[in-house]
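Below is a short briefing on one protein structure. Look at the sequence and the model first, then read the points by topic.

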Amino acid sequence: MNLTQISPSLRYCAPSIGLYFNTPSSLRRHRRLPLRLPTALPPTASSVPKTTTTIIPFLPRFLNPHFVTGNCLLSRMERFWSGSGIGTNKEMVENLQSYGVVRSKKVSEVMESVDRAFFVPDGVPPYVDTPLPIGYNATISAPHMHATCLQLLEKHLQPGMRALDVGSGTGYLTACFALMVGPEGRAVGVEHIPELVASSIKNIEKSAAAPLLKKGSLSVHVGDGRQGWAECAPYDAIHVGAAAAEIPPALIDQLKPGGRMVIPVGNIFQDLKVVDKDTDGSINIHDETSVRYVPLTSREAQLGDN
């Protein structure tokens, strides 16, 4: 039996128990995977020779226990590295390439250019494949999840295009988007925690995307991401970093015909959905993978003020 350890992603926090997914190797990646809470250890390899058991660990040293852990089930990856032996951003990207998460030259170039170390708190290892706390009950996503979303959106992040990052957090993906669309494009981050907006701008100013911030083709704003950012719409690419009960209509409206949105949807059971808007305005949606995110909600609810 192959034990595949899956690492959490953006705005995730830890549960008190692990979750076990029994995944027949014949399942395609877009099918929903059955979920069960374990009452005992997983079965032995001899009893289920054709089944891969995925163990989703909790990370109490990093995350707020009042929220749940999010995961991307990447069956191509036999394991995720701890990060303790990775000392550079380039090595992190090379690891993602070796596991098949980063598959294109453009995504690898952008992730190498935007050093993750500028977007994580001081004193924590920046290249570990796990989310890291950034305050305000939020985290920065694990590198494999950043890479997954960049790959899904790559064709919609061409030079001159427009991108929206909802729940932009530390500004990492917003900076990546800006480099991909270039100075003639537009990359917009929306975050409802003002302190995170201020700190993300400082992070971006230290990164390769700083000239684009100065030029104005990259910007980060305080706002309710559920309403998008109409001022710069329509967008060729939209990324959402928290789970919506339903896809917000405003984001559908702000998606350009021919554009693509990546958004986690669901409550207890969630899927990372890929939303494509055809040139005639019709909408096509498919599930990319099972995930676990905290809700796309108000600032007050996120901070526990209500």
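The structure holds one aromatic pair, where a pair means rings of Phe, Tyr or Trp (its six-membered ring) with centres within 6.5 Å. The pair is formed by Phe-119 and Tyr-172. This is a predicted model, in which local features need pLDDT of at least 70 and side-chain atom pairs count only at pLDDT 80 or more, while totals for chains, interfaces and linings use all residues. Residues are numbered from 1 along each chain as its sequence is written, and side-chain values use heavy atoms, with hydrogens and water left out.

**The aromatic pair**

- Phe-119 and Tyr-172 lie 5.6 Å apart, centre to centre, with 85° between the planes, and the pair is edge-to-face (planes under 30 degrees apart count as stacked, over 60 as edge-to-face and the rest as tilted).
- The pair links distant parts of the chain, 53 residues apart: Phe-119 is in the loop between helix 2 (105-113) and strand 4 (132-135), and Tyr-172 is in helix 4.
- Helices (H or I, at least four residues) and strands (E, at least two) are DSSP runs, numbered from the N terminus.
- Phe-119 is buried, with a relative accessible area of 1%, and Tyr-172 is also buried, at 1% relative accessibility.
- Buried means under 20% relative accessible area, exposed over 50%, and partly exposed in between (1.4 Å probe, protein chains only).

- Which residues of helix 4 are buried? They are Tyr-172, Leu-173, Thr-174, Ala-175, Cys-176, Phe-177, Ala-178, Met-180 and Val-181.
- Helix 4 is largely enclosed by the rest of the structure, because nine of its ten residues are buried.
- Helix 3 (residues 143-153) and helix 4 (residues 172-181) pack at an angle of about 30°, and their axes are 11 Å apart.
- Axes are lines fitted to C-alpha atoms, for helices over the stretch in contact, and angles run from 0 to 180 degrees between N-to-C directions.
- The crossing of helix 3 and helix 4 is right-handed; a crossing is left-handed if the near helix is turned anticlockwise from the far one by less than a right angle, and right-handed if clockwise.
- Helix 3 makes the contact through His-146, Leu-150 and Leu-153, and helix 4 through Tyr-172, Leu-173, Cys-176, Phe-177 and Met-180 (contact means heavy atoms within 4.5 Å).
- The residues of this contact are seven nonpolar, one polar and no charged; Ala, Val, Leu, Ile, Met, Phe, Trp, Tyr, Cys and Pro count as nonpolar, Asp, Glu, Lys and Arg as charged, and the others, Gly among them, as polar.
- Just after helix 4, Gly-182 has a positive phi of about 75°.

**Nonpolar cores**

- A nonpolar core is a set of buried Ala, Val, Leu, Ile, Met, Phe, Trp, Tyr and Cys residues joined through side-chain atoms within 4.5 Å.
- The largest nonpolar core has 51 residues, and those that touch the most other members are Met-111, Leu-150, Leu-157, Tyr-172, Phe-177, Ile-204 and Leu-218.
- Helix 4 gives the most to this core, with eight residues.
- Apart from this core lies another, of 20 residues, including Tyr-235, Ala-244, Leu-255 and Val-275.

**Backbone exceptions**

- Most residues other than glycine have a negative phi, and most peptide bonds are trans.
- Tyr-136 is not a glycine, yet has a positive phi of about 60°; Asn-137, also not a glycine, has a positive phi of about 60°.
- Tyr-136 is in the loop between strand 4 and strand 5 (138-140), and Asn-137 is found in the loop between strand 4 and strand 5.
- Tyr-136 is partly exposed, with a relative accessible area of 36%, and Asn-137 is partly exposed, at 25%.
- Ala-233 and Pro-234 are joined by a cis peptide bond, with omega of about 5°.
- Pro-234 sits in the loop between strand 8 (218-222) and strand 9 (235-240).

**Two residues in strands**

- Arg-260 lies in strand 10 (residues 255-266) and is buried, with a relative accessible area of 18%.
- His-239 is in strand 9 and is buried, with a relative accessible area of 3%.

**The whole protein**

- The protein has eight helices and twelve strands.
- Of its 306 residues, 55% are buried.
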